[in-house]
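Subject: A structure for you to explore

Hello,

Here is the structure I promised to pass on to you. Have a look around first, and then read my notes below.

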Amino acid sequence: MSSPYLMKHGSDFIKENYLMPTIAGDKVSAIAITEPGAGSDAANIRTTAKLEGDHYVVNGSKTFITNEIYGDYYVTVVKTDPEAGVKGVSLLLIDRESAGVTTTKIEKLGWHSSDTAEINFDNVKVPKENLLGKEGLGFIYLMGGLQLERLAGAIMGTAASECALNYALEYMNQREAFGRKINRFQVLRHRVAQMTADIEVTKNYVYYCAQLQNEGEYAVKECSIAKLQSTELSSRVINESLQFFGGYGFTEEFKIARMYRDTRVGTIGGRSSEIMREIISKMVIDDISYNTVNNSKPAGNSVPKTTNNNTTNTNQEKNTTMSDLNLLDVIKTNAEKASAIGNSLKFDLGGEVIVIDGKGGANVVSQDDQDADCTLKVSKEDLADLLSGKLNPMNAVMGGKVQIKGDMGVAMKLQSLLG
């Protein structure tokens, strides 16, 4: 999953020396995020990269990295500014053969065909031109790729479920017990029926998420749901399918045993089921996505945010802020100060738009609705909080308060326009 980062954010040098050989099959890539003390919490990584002249010096370690033994290079998440939090995260391409790079293969429960390892960086010198994109934007780059990673996990989970059930059905049509094929026993037939229904529903939801991805939607909640449901379903379906094989399912003679081992990683890799549930709960329970974009909840389905006084005061504070703040004037002022962004960016405020056209020598702001390279769907209240500094842009995107459609690279220029 590292090639999309190179395609979106790589320089001509990186595309020529890393991306093109990877596409041709001449090089194998890996993406190194997870550390012994920082798994899903990518913002708290400890691997550092200190710029010294024409190169970075990298120190730290990574673990559970796919393709690390046989990979030719690693897209590595590092801290170029350890004091800056998420704004100090960058991406570096590190060659496996670099001095100071050592790897140790991890022996796993399943996925034996997949190369997984730990890696250590001991004063590894990395040329400055191996920086992917810009310093300090690595965390934003990662956020732009996470939904595709989760969608890929959802597709794998659904496909594994379907494959296991079809394999079990073949066996059930051959295996006999008490004088008849076991697919004639009602208790087993009803299990198959339920699994079939679950697979079909999940598969069609994954198709829906794939459509959102294809249309450029930054579908945080939808892809998180798809990854959660598909991988959990895979574990259940393959577990029940193995049961249909009886004692043979517990042997290496039938591939259902391998499928049983391999599917277990689905609810762990690519962010665990617990992380998916936390993301979904924040958007549903904590109201993070309540003020999304179109604000078009049907009146009959409207649910109050909460009845406690603290939230009521917060909402009143937001409304007061909005009454004192002219969004258009603030954006115009910030855009005039900033360098031309070289693209067009539109804020969709649910009935109103603000467009920044930076394709000329300056950023021109208007309220004329037009196509743009990137559209940010956001409520007026949340845009006000972004402009005032109350809301962090990366947190807003991760939490669903800002939804991105179009060129993610343009959205990353938002920071320069916030003043």
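Predicted model: local features only at pLDDT ≥ 70, side-chain atom pairs only at ≥ 80, totals over all residues.

Let's begin with two loops. Asn67 sits in the loop that links strand S3 (55-66) to strand S4 (73-79). Its phi is near 70 degrees, which is a positive value in a residue other than glycine. With a relative accessible area of 28%, Asn67 is partly exposed. Trp111 is in the loop between strand S6 (101-105) and strand S7 (116-127). Trp111 also has a positive phi, near 55 degrees, and is not a glycine. Its relative accessibility is 32%, so Trp111 counts as partly exposed.

Which residues touch the most other members of the largest nonpolar core? They are Leu6, Phe347, Leu376, Leu383 and Ile404, in a core of 58 residues. Helix H3 (residues 138-172) gives the most to this core, with 6 residues.

Now for a pair of helices. The axes of helix H5 (residues 220-244) and helix H7 (residues 273-284) come within 9 Å and cross at roughly 145 degrees. The crossing of H5 and H7 is left-handed. On the H5 side, the contact includes Val220, Ile225 and Leu228, and on the H7 side it includes Met276, Ile279 and Met283. Sorted by type, the residues of this contact are 8 nonpolar, 3 polar and 4 charged.

Last, the cysteines. A disulfide is a covalent bond between the sulfur atoms of two cysteines. How many disulfides does a search of the whole structure find? The search finds 0. Cys209 is in no disulfide, and the nearest cysteine sulfur, that of Cys223, is 4.9 Å away. To count as a disulfide, the two sulfur atoms must be within 2.5 Å. Is Cys209 buried or exposed? Cys209 is buried, with a relative accessible area of 1%. Cys163, at 35% relative accessibility, counts as partly exposed.

Enjoy exploring!

Best wishes

Definitions and conventions
Residues numbered from 1 in each chain as written. Heavy atoms only, no water. Buried < 20%, exposed > 50% of the residue type's maximum accessible area, 1.4 Å probe, protein only. Core = buried A, V, L, I, M, F, W, Y, C linked by side-chain atoms within 4.5 Å. Helix = DSSP H or I, 4+ residues; strand = E, 2+ residues; numbered from the N terminus. Axes fitted to C-alpha atoms, helices over the stretch in contact; angles between N-to-C directions. Left-handed = near helix turned anticlockwise from the far one by under 90°. Contact = heavy atoms within 4.5 Å. Nonpolar A, V, L, I, M, F, W, Y, C, P; charged D, E, K, R; others polar.
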